[in-house]
Structures are given as C-alpha cells and as structure tokens.
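Hello,

Here is the structure we talked about. My notes follow below it.

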Amino acid sequence: MSEGKKFKLAILGSGHGSNMAAIAEACRTGQVPAEMAIVISDVEGAGILTRAGERGIRAEHIAPGKFRTKLDEAAEQTYIAALQQARVDLIVLAGFMRILKGDFLRAFPERVVNIHPALLPSFPGLEAWKQALDYGVKVTGCTVHFVDQGIDTGPILGQQTVPVLDDDSPATLHERIQQAERDLYPAMIAALLRGEIQVRGRTTVRRRVN
Ligand code: GAR
C-alpha cells in the first residue's frame with residue numbers, strides 16, 4: 001500500500017476483541033495510519049462488538065448462514081457488500097472463526113490478513129496454543145499472515161516468539177500469546193499500510209520507507 005494516506009480498516013472477529021482493541025488504540029495514537037471503518041462479527045452479542053461499540057466504532061453482526069465453519073453463499077455476498085460499501089483498504093481477521101474462500105478472497109486480493117496463535121507452519125487450525133502445549137514445544141508464539149485459499153497457509157508478514165513455561169495451562173499460555181499478539185498485529189498492519197511489506201512469492205520482504 002502507499003505512504004501518507006489515512007486508510008480504512010475492517011476487523012472481523014468472533015470472540016472477545018482484545019486484538020481489535022489493541023488495533024483501535026494503535027489507530028488512535030497514530031501508530032497505525034488508519035481509521036476503524038467497521039467491525040463485523042458472525043456471533044451475535046460477541047464481546048468484540050460490545051468493545052467496538054464502546055469505542056464509538058461501527059459494529060455489526062452479520063449472520064453466517066447455515067454452515068458451522070464457513071459462510072454460506074448468501075452470507076458471503078452480504079459480507080462482501082458491507083465491506084465494499086465501507087470502502088475498506090484492509091480486512092483484518094482477529095479471532096474470526098470461519099474459513100474465508102473463493103468469492104470473498106477474489107473480492108479483496110492481498111487485502112485480507114489474519115493472526116494465528118502459533119508459529120506457523122506449526123499448529124495450524126483450532127486451539128493452536130493447546131496443540132503446542134500438548135506437543136511439548138518449549139517455544140511458540142503468534143504469526144501474522146495474508147489469507148489465501150488454504151487454512152493458515154498464506155505468506156507470513158511477521159512472527160513473535162513466546163516461551164512455554166513448565167507450569168503453563170492452556171489458559172496461561174494463551175494469555176501470554178495474546179500479549180504478544182497485541183504488539184505484533186498493530187506493528188504488522190502499520191508496516192503493511194506504510195508500504196514497507198511486499199509479497200514475494202510464498203513469503204514477504206520488508207523495506208524501509210522514510
Ligand atoms: C486470538 O488469540 C487469535 O490469535 C485467535 O483467536 C483469539 C481471538 O482473541 N485466532 C485463532 O485461533 C484463529 N485460528 P480476541 O478476540 O481477544 O482478539
């Protein structure tokens with residue numbers, strides 16, 4: 001993306017909205033050169049909608065339709081229309097627990113990013129912090145990546161490591177990963193919007209913009 005412009009972000013989430021809150025704060029302070037145009041959740045009454053509303057951010061529930069893990073065709077079109085109408089430059093998935101494919105990704109090429117609570121390609125899918133704990137790794141973390149047609153497979157923008165402690169429970173490990181997410185995600189979104197990150201094949205490269 002380019003320099004000197006104020007961008008519009010959409011955030012899609014299904015949960016508590018701690019990443020959304022960190023990104024909103026980073027927009028407020030100017031760390032991220034963007035405004036929060038809209039927050040959308042597939043879960044009615046989700047914490048992310050309440051937290052967005054408290055910050056005066058437009059917050060909408062859009063029903064996902066008949067499937068459990070993805071949007072049905074009608075819902076997908078409703079999501080696309082809402083995002084196009086809000087004229088967003090970047091779609092930020094923050095705990096959005098539905099797979100986005102086909103028409104949705106074609107509508108926003110290289111404009112959808114996600115945060116995953118593990119160091120990809122390790123532990124894709126659900127409850128990645130629990131997968132890491134069950135496996136017995138000593139270091140895990142979080143990954144910001146572009147969303148492509150696979151599950152947690154798109155080009156990686158950045159990663160942050162987090163130690164696994166001997167007495168960690170799934171909850172304590174997830175909380176430590178989420179602290180790292182609240183640093184990494186705003187920093188990666190800012191770098192992307194400032195034009196510092198470019199996709200090169202399967203990965204991305206960083207260049208400094210003054
Ligand atoms: C975050 O930890 C995020 O990494 C995870 O959901 C949580 C949402 O928390 N996402 C996934 O597991 C995606 N596969 P939040 O609603 O407090 O930001």
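**Notes on the model**

D103 and R106 are 3 residues apart in helix 4 (residues 102–107), which means about one helical turn separates them. Helices here are DSSP runs of H or I with at least four residues, strands are runs of E with at least two, and both are numbered from the N terminus. The D103 and R106 side chains form a salt bridge, 3.0 Å from N to O. That term needs a side-chain nitrogen of Lys or Arg within 4 Å of a carboxyl oxygen of Asp or Glu. The whole structure holds 8 salt bridges.

This is a predicted model, in which local features need pLDDT of at least 70 and side-chain atom pairs pLDDT 80 or more, while totals for chains, interfaces and linings use all residues. Residues are numbered from 1 along each chain as its sequence is written, and side-chain values use heavy atoms, without hydrogens and water.

Now the ligand. It sits in the largest pocket. A pocket is an open set of points on a 1 Å grid over the protein atoms alone, where a 1.4 Å probe fits, with protein on both sides within 12 Å along at least five of seven lines.

The shell has 13 residues, and G17, S18, N19, H174 and E181 come nearest. A residue counts if one of its heavy atoms lies within 4 Å. By type, the shell has 2 nonpolar residues, 10 polar and 1 charged. Helix 1 (18–29), strand 5 (112–116) and helix 6 (170–193) each supply at least two shell residues. Helix 6 gives the most, with 3.

Polar contacts are N or O pairs within 3.5 Å.

- a polar backbone atom of G17, at 2.8 Å
- a side-chain N or O atom of N19, at 2.9 Å
- a backbone N or O atom of H16, at 3.1 Å

The protein covers 92% of the 450 Å² of accessible area that the ligand has on its own (Shrake-Rupley, 1.4 Å probe).

Two backbone points remain. L120 and P121 are joined by a cis peptide bond, with omega about 10°. P121 lies in the loop between strand 5 and helix 5 (128–135). E110, not a glycine, has a positive phi of about 55°.

Best wishes

Definitions and conventions
A polar contact is a pair of N or O atoms within 3.5 Å; within protein, one must be able to donate a hydrogen and the other to accept it, and residues adjacent in sequence count only if both atoms are side-chain atoms. On a 1 Å grid over the protein atoms alone, a cavity is a set of points where a 1.4 Å probe fits but cannot get out, and a pocket is an open set with protein on both sides within 12 Å along at least five of seven lines; lining residues have an atom within 4 Å of a point. A molecule sits in a cavity or pocket if more than half of its atoms lie within 2 Å of its grid points. Ala, Val, Leu, Ile, Met, Phe, Trp, Tyr, Cys and Pro count as nonpolar, Asp, Glu, Lys and Arg as charged, and the others, Gly among them, as polar.
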